Amino acid sequence: MVLPGRRTSIVFFIALGAGLISVILLLYVGWILLDWRTGILLFLGVLLLAVTISGVVVNTTFLVREIRRNEQHDAFINAVTHELKTPVASIRLYLETLQTRGVDETKRKEFYRIMLEDSDRLLGTIDQILRTGRIGRARRKLNAAPVDLGAVVEECLARARILYHLPEESLKYQHGPTVTVKGDSDEVRAAVSNLIDNAVKYSGKDVNVNVALASVDGKYVSVRVTDDGPGIPKSELRQIFKRFYRVPGPLARRVPGTGLGLYIVHAVARAHGGRAWAESEGPGQGSTFILQLPIAK
């Protein structure tokens, strides 16, 4: 099945090629029939040259984008393969141990706990992939309902503390006004959760993440997630919200991820009439991610 975006690109480049061929045919016909009109031929020749150069530039740009897209797809496939295979291999190892060896009750409970965590990790990866497919659909309908954003933030923080075994002081929350947004509660929860997960994962061993909820001009409410992580180069601040994109470097290879979390945040914000962006002073300066949504009237 050809996606709408790809179909549009294919039609555009077919039309461009047909146009170039038409101009060339007109030039040669004009050369035969109108060889005494040097000025017209000169004009057509200059036009052909300009169109040809433009076509080459456009095709080269398209080719470079396709190469980058393929590289991102390959990186995504490798990351997803790792994210799916690792917990499955871990669960299988512990099950084989329980099946073939005598394990005391304390160890047995520990194995069960680890397997449940790996199952949650596996389900989380699958959910990210499925959610990306859903939010990428055109003209999708939201299950809009009033959502208490403060309650959602507290729920996501509690989940992150349990998931990453963090003390309360590692994830600080600055309470804001009680506000309600209108939207899909599941998607809003996924966006907030992805912001917190992203901050925790890139903080390393010493997690120090601050989450703040604040009203903006009485029209919007913002969730600000600040970490003391490696920071982001200014040239990458907009790129990181693209699908499959991860900042190149050794950190991307060391920190697990699929490149979908921030894309989901951006897509959810846009679908709800808000926006999402990142701020950072550069490498080593930490980062702040902001999700801004309109307050329900």
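**Note on helix packing and the sheet in a predicted model**

1. Helix 3 and helix 5 are oblique to each other, a class for angles that are not under 35 degrees (roughly parallel), over 145 (roughly antiparallel) or 65 to 115 (roughly perpendicular). The axes of helix 3 (residues 105-135) and helix 5 (residues 185-201) cross at roughly 125° and come within 13 Å. Axes are lines fitted to C-alpha atoms, for helices over the stretch in contact, and angles run from 0 to 180 degrees between N-to-C directions. Helices (H or I, at least four residues) and strands (E, at least two) are DSSP runs, numbered from the N terminus.

2. This is a predicted model, in which local features need pLDDT of at least 70 and side-chain atom pairs count only at pLDDT 80 or more, while totals for chains, interfaces and linings use all residues. Residues are numbered from 1 along each chain as its sequence is written, and side-chain values use heavy atoms, with hydrogens and water left out.

3. Which residues of helix 3 meet helix 5? Gln128, Arg131 and Ile135 in helix 3 are in contact (heavy atoms within 4.5 Å) with Asp186, Glu187, Ala190 and Asn194 in helix 5. By class, this contact of helix 3 with helix 5 has three charged, two polar and two nonpolar residues. Here Ala, Val, Leu, Ile, Met, Phe, Trp, Tyr, Cys and Pro count as nonpolar, Asp, Glu, Lys and Arg as charged, and the others, Gly among them, as polar.

4. Five strands form an open sheet of mixed pairing, in the order 2-4-5-7-6; two strands pair if DSSP finds at least two bridges between them. Strand 2 (171-174) and strand 6 (275-279) stand at the edges with a single partner strand each, so one side of each is left without a neighbour in the sheet. From one strand to the next, the twist averages 15°.

5. Within the sheet, strand 4 and strand 5 (residues 220-227) pair in the antiparallel sense over seven bridges. Val211 stands opposite Val225 in strand 5. Helix 5 packs on the sheet, where it touches strand 2, strand 4, strand 5 and strand 7 (287-294), and its direction makes about 170° with that of strand 7.

6. Ala212 is found in strand 4 (residues 209-216). Not counting residues up to four places away in sequence, Ala212 touches Gln174, Ser222, Val223 and Arg224. Ala212 and Gly150 are 62 residues apart in sequence, and their C-alpha atoms are 9.6 Å apart in space.
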